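Student: Before we discuss terms, could we have the model in view? I would like each label set against its definition.

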Amino acid sequence: MAKLLALPRAPTALQPERPRPDAIALDGVSRRFPGGAVALDEVSLAVREGEVFGIVGRSGAGKSTLIRTVNLLERPDAGAVRVLGRDMLALDDAGLRAARRSTGMVFQHFNLHTRRTVAENVAFPLEIAGVPAAERRARIAELLPLVGLEAKHDAYPAQLSGGQKQRVGIARALASRPRILLCDEATSALDPETTRDILALIRDLRDRLDLTVLLITHEMSVVKAVCDRVAVMEAGRIIEAGRVFDVFTRPAHHTTRSFVAEVIGYDVPAATLARLPLPTQGQARRLAQVLFTGPHATRPVVSEASRRFTLDINIVSGRVDEIAGEPFGVMTLAASGAAADVEAAFAWMRGLGLQVTEMDA
Amino acid sequence: MTWLSPALQDLLVEALWDTVVMVGASAAIAVAFGLPIALLLHVTAPGGLSPNALVNRPLGLVVNATRSTPFIILMVAIVPFTRLVAGTSIGTGAAIVPLALAATAFLARLFENALREVDRGVIEAARAMGATRLQIVAKVLVPEALPGLVAATTVALVSLVGFSAMAGAVGGGGLGDLGIRFGYQRFMPEVMATVVVILILFVQGLQSFGDWLVRRLSHR
């Protein structure tokens with residue numbers, strides 16, 4: 001078993017595309033708090049084995065309650081919870097404890113035992129599972145290098161930085177070789193650089209240990225950095241879900257759009273728009289956001305459109321980025337010219353597979 | 001201590017020993033009973049590991065009732081019980097019974113507070129890892145609260161030194177009793193002063209030891 005851990009998983013790219021079964025399946029899950037507030041409103045969700053699935057939402061959206069229903073720290077009032085094929089709600093106490101051992105959890109505030117050393121913290125889940133001391137020591141010797149903390153074996157949490165504490169939390173969550181890792185705002189208490197490190201670690205561990213990761217966050221940048229698929233929550237409901245690239249490039253719901261804007265910066269400040277030169281008499285000036293994806297993403301579309309349709313095109317904002325390994329560009333253009341020409345230019349761009357969204361000027 | 005006659009010096013040593021015995025024995029009993037009571041109160045409280053108002057309410061009521069009875073009254077009120085337990089209602093041994101009872105109630109509340117200070121997140125993490133309730137109590141709650149429990153015990157020990165001074169009322173010995181009988185009733189201020197100084201040093205020693213232990217135990 002010890003050897004298994006060190007073996008890297010075969011690169012995903014070499015594997016044929018095959019649908020993997022659901023590791024976590026929530027079906028119509030509802031939860032109402034004693035006060036009457038609805039935390040979850042018929043939420044259905046399927047997390048496939050091996051993927052990193054993100055749930056993003058503002059505070060109070062219900063995402064924390066949602067992740068807690070997966071290991072039944074929060075019991076739903078209605079709906080079904082299946083984890084690795086097991087009907088969680090049908091389990092008795094002993095069965096539930098066993099199921100929880102196969103699901104690791106990482107917390108925002110790390111939740112480490114202050115009076116246990118790093119090694120003792122990591123050993124805790126093994127200790128309560130009745131694993132003999134010698135075996136625990138061997139397992140710790142594997143786990144600490146995995147998270148880069150072999151030098152901190154005997155340190156107490158108070159002596160560690162936030163990032164190091166979360167690494168302990170991750171090592172502890174992985175101690176009993178779970179197949180699922182739940183991350184409850186795992187990076188929300190960390191600075192941006194540490195956040196990047198921890199997210200990279202989570203992704204790396206997913207690859208090496210073939211984990212399924214469900215994480216909740218209020219930061220879209222976290223989703224962008226680490227997730228394969230994402231669900232957006234608002235008022236106890238999932239309002240949008242899909243591949244991260246799709247949700248980022250084609251957000252349907254306005255809440256999603258505002259989340260995406262935090263990372264991609266779609267919005268152009270009003271003051272900037274006001275400073276754009278006004279169109280000359282008899283000409284139209286229209287603003288549009290153009291998303292460059294697909295085969296024509298690298299084509300010199302702006303200068304081509306300018307020549308073909310005799311337009312003056314002002315580039316108001318623009319950037320190139322990468323989401324889930326796929327590059328894309330986004331540009332805000334102000335196109336001036338004859339009304340029909342502007343219209344034709346936008347239609348031509350759409351014909352190339354670019355996304356053109358007109359904005360209020 | 002040349003300002004005291006050899007006979008008084010002997011009495012002083014004996015009184016100090018009586019105080020140590022009364023405080024030590026009642027504190028040991030109070031910890032032994034107070035901790036389970038505190039755990040029961042904490043675990044059965046609303047939002048606890050096993051909320052149970054039928055246990056929590058009556059238990060809390062008994063603890064409060066004991067705590068609100070002035071010690072000097074408690075001491076005489078439970079004389080029949082003391083006689084049952086200690087075989088007598090007079091003397092240092094008999095004084096341990098009401099002292100232990102008062103300290104148990106006092107400590108139960110202090111312990112309960114210390115348990116409440118434990119980070120709920122650590123408890124939740126243990127639940128998420130599949131810990132049983134007993135494991136959570138034994139391996140998370142008590143170990144994490146230990147510095148707080150020790151601090152509470154120190155407070156209780158200091159209070160017990162004060163309470164034990166009243167033991168003279170039921171024929172118990174100790175420094176307080178010596179101070180009253182010789183220092184006050186026989187107008188021997190040098191005895192009173194010596195007793196007070198010894199009590200101050202005694203309490204200081206207890207407090208310093210407790211603080212040191214708390215520092216050693218906590219890793220915050």
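Tutor: pLDDT is the predictor's confidence in each residue, from 0 to 100. This is a predicted model, and the mean pLDDT of chain B is 93.

Student: What share of the residues of chain B reach a pLDDT of 70 or more?

Tutor: In chain B, 100% of the residues do. For the complex, the predictor reports an ipTM of 0.89 and a pTM of 0.86.

Student: Why is α2(B) called oblique to α5(B)?

Tutor: Helix α2 of chain B spans residues 53–68 and helix α5 of chain B spans residues 92–116; their axes cross at roughly 125° and come within 9 Å. Roughly perpendicular ends at 115 degrees and roughly antiparallel needs over 145, so an angle between those limits counts as oblique. Therefore α2(B) is oblique to α5(B). The crossing of the two helices is left-handed.

Student: Which residues in α2(B) and α5(B) meet?

Tutor: From α2(B) come B:Val63, B:Thr66 and B:Arg67, and from α5(B) come B:Leu101, B:Ala102, B:Ala105, B:Phe106, B:Ala108 and B:Arg109. By class, this contact has six nonpolar, one polar and two charged residues. Arg counts as charged, so B:Arg67 and B:Arg109 fall in that class.

Student: How many residues does each chain bring to the contact between chains A and B?

Tutor: Chain A brings 18 residues and chain B brings 19 residues. On the side of chain A that touches chain B, α3 (93–101), β6 (103–107) and α4 (118–128) each supply at least two residues. The most comes from α3(A), with four residues.

Student: What classes make up that side of chain A?

Tutor: Its residues divide into nine nonpolar, five polar and four charged.

How values were computed. Residues are numbered from 1 along each chain as its sequence is written. Chains are lettered from A and ligands numbered from 1 in the order in which they are written. This is a predicted model: local features need pLDDT of at least 70, side-chain atom pairs count only at pLDDT 80 or more; totals for chains, interfaces and linings use all residues. Axes are lines fitted to C-alpha atoms, for helices over the stretch in contact, and angles run from 0 to 180 degrees between N-to-C directions. Angles under 35 degrees count as roughly parallel, over 145 as roughly antiparallel, 65 to 115 as roughly perpendicular and the rest as oblique. A crossing is left-handed if the near helix is turned anticlockwise from the far one by less than a right angle, and right-handed if clockwise. Two residues are in contact if their C-beta atoms, placed from the backbone, lie within 7 Å.
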